[in-house]
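Here is a short report on the model shown below.

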Amino acid sequence: MGNAADGMAENATRAFFWTHVGGMVSLGVLNDGHCSFAAGVSADGTVVVGTAYDGAVHNRDRAFRWTRSSGMVNLGVLNGGLFSYAKGVSADGSVVVGGADDGAADNEMRAFRWTQAGGMVSLGGLNGGGESSAAGVSADGSVVVGSAEDGAAGNAYRAFIWTLSGGMVSLGGLNSGAYSYATGVSADGKVVVGLAEDGLSGEYHAFRWTRAGGMVSLGRCCGAAYSPANAVSADGKVVVGFSDGNTMSRAFRWTRATGIQSVENWLRAAGVGVDQNITCEATALNRDGSVVVGRTQNKTAFIAQVTPIGSGLVTLAGVQGSLAGSAGGGQMALTSAGCEDHGTRSGNLGLAEFGLGKSLSPVLVNLSLGQTWAKPNQVLNGNTTTEGAYLLAEALVPVTDQLWATPGA
């Protein structure tokens, strides 16, 4: 899933859903609103969440939940508040988290947790502090992480972890630094990642938090003093994000074994030939961290992977520039590489050819010019168009009275 300029909508930003089979498909908008932005996807790729301008309320931001059957559905607001946005979703798509202006708190931003049964529910504030917002949720929806103004720390923003039994609890700072922000959580809710001010250096570093080890800096990457973590693998062992230097940003990947390194250097260490450093930011990864997705310096999407079935770095520039205009799915949803049966698809196939021949007794020479085209339909209402042209030279050479040879090129 992700976001792209939609050529079918005057290049307005549209949330999209992407798979190897169906390509990139727009998720549309809310009530003819102007834009939509995807932020999270369920484990099986069937539910996408994000934010859309709602045309029914003067293009105000609304959190949405998308499925193939329901399309884009507005999740509403908190107590008549003005805005809402969704940032994360549980593995089965039943729990959505994000932030919303709370009409019962003078439209101050509050982290929320949404379910079909309970609707949008505020998670409150941190130690009597002000604003809060949620950024991630565990696989079963029981653990929520985010950031909030901490009333016990002079309303400085602190990363938090929330559970139904324990409520909202601060994760503290990094080496007594003032600020921290949580951005992601492992599937079991035991590992939290994000960005924090390092009290020792004054720099902002990616962090990894566990209950046993507390908040630990992941260090510097590519000489940059600002390195936010964006996501963590299901088992909490791989962290991705970006390092923002004075001249450019670089996507990073961290493990305990390798430390923090650029995505390009991770690929090179695995034997992949990467000539140039092109990544800008890593935004998500698969369950075990072997596949990383994000943005390049040219603002196109990339997929990097080191797996037993293949390794490499590919960009989606061509696909991203031709977003389909029909309704489909959200942020970047990946399917693993391999051979699968995806059913039968209909489509059109064509061939046109024009040729001339000349007799050079006893040999007959033919020259033909032709064009082919194919337009197979894909899943999610997409299609692919392939065109080609060819020039064919052919000779008919008698071998015997009843046998001819036909060499051609």
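Contact here means heavy atoms within 4.5 Å. The model is predicted.

## Arg208

Leave aside its neighbours within four places in sequence. Arg208 is then in contact with Val191, Val192, Val193, Gly214, Met215, Val216, Leu218, Gly236, Val239, Trp254 and Arg256. The residue lies in strand S18, which spans residues 204–210.

Which side chain of opposite charge is nearest to Arg208? It is Asp235, 7.3 Å away. A salt bridge needs a side-chain nitrogen of Lys or Arg within 4 Å of a carboxyl oxygen of Asp or Glu. Arg208 has no salt bridge, yet this residue is buried. Its side chain does reach a backbone atom: the oxygen of Gly236, at 2.9 Å. Gly236 is also among the contacts of Arg208.

## Glu197

Glu197 sits in strand S17, residues 192–197. Glu197 is buried and has no salt bridge. Arg158 is the nearest side chain of opposite charge, at 7.6 Å.

What backbone atom does the side chain of Glu197 reach? The backbone nitrogen of Ala178, at 3.0 Å. Not counting residues up to four places away in sequence, Glu197 touches Leu174, Gly177, Ala178, Tyr179, Gly202, Glu203 and Tyr204.

## Nonpolar cores

The largest nonpolar core has 14 residues. Val263, Leu267 and Val292 have the most contacts inside it. H1 gives the most, with 3 residues.

Take Val263 as an example. Residues up to four places away in sequence aside, Val263 touches Ala251, Phe252, Thr279, Val292, Phe302 and Ala304. A second, separate core has 13 residues, including Val145, Ile161, Val185 and Val192. Val192 is also one of the contacts of Arg208.

## Confidence

The mean pLDDT of the chain is 84. Of its residues, 78% reach 70 or more.

Two stretches call for care. Over residues 318–345 the pLDDT stays under 50, and the model has 88 contacts there beyond four places in sequence. Over residues 377–384 the pLDDT is below 50 too, with 25 contacts in the model beyond near neighbours in sequence. Where pLDDT is low, predicted coordinates should not be read in detail.

Methods. Residues numbered from 1 in each chain as written. Predicted model: local features only at pLDDT ≥ 70, side-chain atom pairs only at ≥ 80, totals over all residues. Heavy atoms only, no water. Helix = DSSP H or I, 4+ residues; strand = E, 2+ residues; numbered from the N terminus. Buried < 20%, exposed > 50% of the residue type's maximum accessible area, 1.4 Å probe, protein only. Lys, Arg positive; Asp, Glu negative; His and termini not counted. Polar contact = N/O pair within 3.5 Å; in protein donor to acceptor, adjacent residues only side chain to side chain. pLDDT = per-residue confidence, 0-100. Core = buried A, V, L, I, M, F, W, Y, C linked by side-chain atoms within 4.5 Å.
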